[in-house]
Amino acid sequence: MSTLPEPVRVVQLPDGTYTYADHLPTPLQPAPVPQVIQHIHQAPPDRTVQRIALGSGIGAGTVAAGVYFGPLLVGALTAIAANLALLAFLAAVLVWGVHTVIRSVGGPDGQQAAKAIGKARRSRKGK
């Protein structure tokens with residue numbers, strides 16, 4: 001007496017391709033009576049990706065690793081992007097602060113130097 005579930009059968013179709021037996025078309029039957037679904041947000045699990053992965057011979061360990069490390073990778077990349085955005089914002093604020101302080105403290109000499117640098121940059125772009 002075995003308590004293991006019956007394995008899914010693989011059958012060969014007339015065109016030579018293989019498919020799972022539970023994917024075969026069923027003969028025409030009268031429409032079943034609609035059943036009442038209590039929890040519509042709980043969809044039945046879709047095993048298509050696992051079947052494709054296991055059917056191609058990569059193994060259950062690889063599927064489990066993908067299921068585990070996929071969201072982990074997305075979380076890590078999101079954290080990295082958030083850190084880079086924060087650093088870019090801090091750099092912009094610091095540059096703005098330094099620019100404002102230099103303009104206000106520099107007096108007429110600082111403003112004249114800023115104008116000279118601006119003119120030099122504009123004249124270089126024209127060449």
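A search of the whole structure, which is a predicted model, turns up one aromatic pair. The partners are Tyr 68 and Phe 69, whose ring centres lie 4.9 Å apart. Their planes meet at 85°, over the 60 degrees required, so the pair is classed as edge-to-face. As for solvent exposure, Tyr 68 has a relative accessibility of 53% and therefore counts as exposed, the threshold being over 50%. Phe 69, at 48%, is partly exposed.

A contrasting case comes from strand 1, made up of residues 10-12, where Val 11 has its place. Val 11 shows a relative accessibility of 16%, and because the limit for burial is under 20%, Val 11 counts as buried. Between Val 11 and Asp 22 the C-alpha to C-alpha distance is 9.7 Å, with the two residues 11 apart in sequence.

The protein chain holds two helices and two strands, and read from the N terminus its elements follow the order β-β-α-α. Of its 127 residues, 4% are buried. The accessible surface of the protein chain amounts to about 11,800 Å², and carbon and sulfur atoms account for 68% of that surface.

Finally, a word on confidence. The protein chain has a mean pLDDT of 75, and 62% of its residues reach 70 or more. Among the elements, helix 2 has the highest confidence, with a mean of 83, whereas helix 1 (residues 48-55) has the lowest, with a mean of 61. Where pLDDT is low, predicted coordinates should not be read in detail.

Methods. Residues are numbered from 1 along each chain as its sequence is written. This is a predicted model: local features need pLDDT of at least 70, side-chain atom pairs count only at pLDDT 80 or more; totals for chains, interfaces and linings use all residues. Side-chain values use heavy atoms; hydrogens and water are left out. Helices (H or I, at least four residues) and strands (E, at least two) are DSSP runs, numbered from the N terminus. Buried means under 20% relative accessible area, exposed over 50%, partly exposed in between (1.4 Å probe, protein chains only). Accessible areas come from the Shrake-Rupley method with a 1.4 Å probe; for residues, only the protein chains shown count as cover. pLDDT is the predictor's confidence in each residue, from 0 to 100. Rings of Phe, Tyr and Trp (its six-membered ring) pair if their centres lie within 6.5 Å; planes under 30 degrees apart count as stacked, over 60 as edge-to-face and the rest as tilted.
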